[in-house]
Structures are given as structure tokens and as C-alpha cells.
Amino acid sequence: MHRWVAAIGLDSTVYGTHTMRRTKATLICKRTKNLRAIPLLLGHTKLESTVRYLGIEVDDALEISEQTEI
């Protein structure tokens, strides 16, 4: 991963597999507003872990979650 990132001219100390994992989860959340799917994809057992991971406030996360129909 680090060689690929460096090859495209990015700082390999900033971008890695964890960055890609977090980016994908954030994009899924933003596009689908389905916060309930994110813990499943990330293997989180607590909503609070997912909220911290995505960098959103608990109130915002709960609002998104309540608006999402499954």
C-alpha cells in the first residue's frame, strides 16, 4: 500500500489501509444515510464506536439512524 501511495505522489505516512477503510465507510454513510450498515461492515459491536470512527456527533448519528428505514 505504501509503495502504491508514494508512486502516485501522495505522502505514504498519511494514506494507508486504515485511511481507505475509514473513507469507504464515510462515503457509504454519506451516500446512503444508512448508519446501521456501517457497524456491520466495520465489525463494530457498539454504535458509539462507529460514531467515533466516522467523526460524527452522537445526536447526528442517532438522527440519521432514526431516519433510515431497513
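Trainee: Not counting residues up to four places away in sequence, which residues does Ser65 touch?
Mentor: Keep in mind that we are reading a predicted model, in which Ser65 is found in helix H5. Once the residues up to four places away in sequence are set aside, the residues that Ser65 touches are Leu35 and Arg36.

Trainee: Is Ser65 buried or exposed?
Mentor: The cut-off to apply is that a residue is buried when its relative accessible area is under 20%. Ser65 has a relative accessible area of 10%, and therefore it counts as buried.

Trainee: How far apart in space are Ser65 and Asn34, C-alpha to C-alpha?
Mentor: Along the sequence, Ser65 and Asn34 are 31 residues apart. In space, going from C-alpha to C-alpha, the separation of Ser65 and Asn34 is 6.6 Å.

Trainee: Where is Pro39, and is it buried or exposed?
Mentor: Pro39 has its place in helix H3, and, leaving out residues up to four places away in sequence, Pro39 touches His44 and Thr50.

Trainee: At what angle do helix H2 and helix H4 pack, and are they roughly parallel or roughly perpendicular?
Mentor: Two packed helices are described by the angle between their axes and the distance between the axes. For helix H2 (residues 17–32) and helix H4 (residues 47–54), the axes are 10 Å apart and the angle is about 105°. Because angles of 65 to 115 degrees count as roughly perpendicular, the answer for H2 and H4 is roughly perpendicular.

Trainee: Which residues of H4 make the contact with H2?
Mentor: On the H2 side, the contact is made by His18, Arg21, Arg22, Ala25, Thr26 and Cys29. Sorted by class, the contact of H2 with H4 has four nonpolar, two polar and three charged residues. On the H4 side, the residues are Arg52, Tyr53 and Leu54.

Trainee: Just after H2, which residue takes a positive phi?
Mentor: H2 has 16 residues and reaches 22 Å from its first C-alpha to its last, which is close to the 22 Å expected. Ile64, leaving aside its neighbours within four places in sequence, is in contact with Leu35 and with the residue you ask about. That residue, whose phi is about 60° just after H2, is Lys33.

Terms used
Residues are numbered from 1 along each chain as its sequence is written. This is a predicted model: local features need pLDDT of at least 70, side-chain atom pairs count only at pLDDT 80 or more; totals for chains, interfaces and linings use all residues. Side-chain values use heavy atoms; hydrogens and water are left out. Axes are lines fitted to C-alpha atoms, for helices over the stretch in contact, and angles run from 0 to 180 degrees between N-to-C directions. Helices (H or I, at least four residues) and strands (E, at least two) are DSSP runs, numbered from the N terminus. Angles under 35 degrees count as roughly parallel, over 145 as roughly antiparallel, 65 to 115 as roughly perpendicular and the rest as oblique. Contact means heavy atoms within 4.5 Å. Ala, Val, Leu, Ile, Met, Phe, Trp, Tyr, Cys and Pro count as nonpolar, Asp, Glu, Lys and Arg as charged, and the others, Gly among them, as polar. The expected span of a helix is 1.5 Å times one less than its number of residues. Buried means under 20% relative accessible area, exposed over 50%, partly exposed in between (1.4 Å probe, protein chains only).
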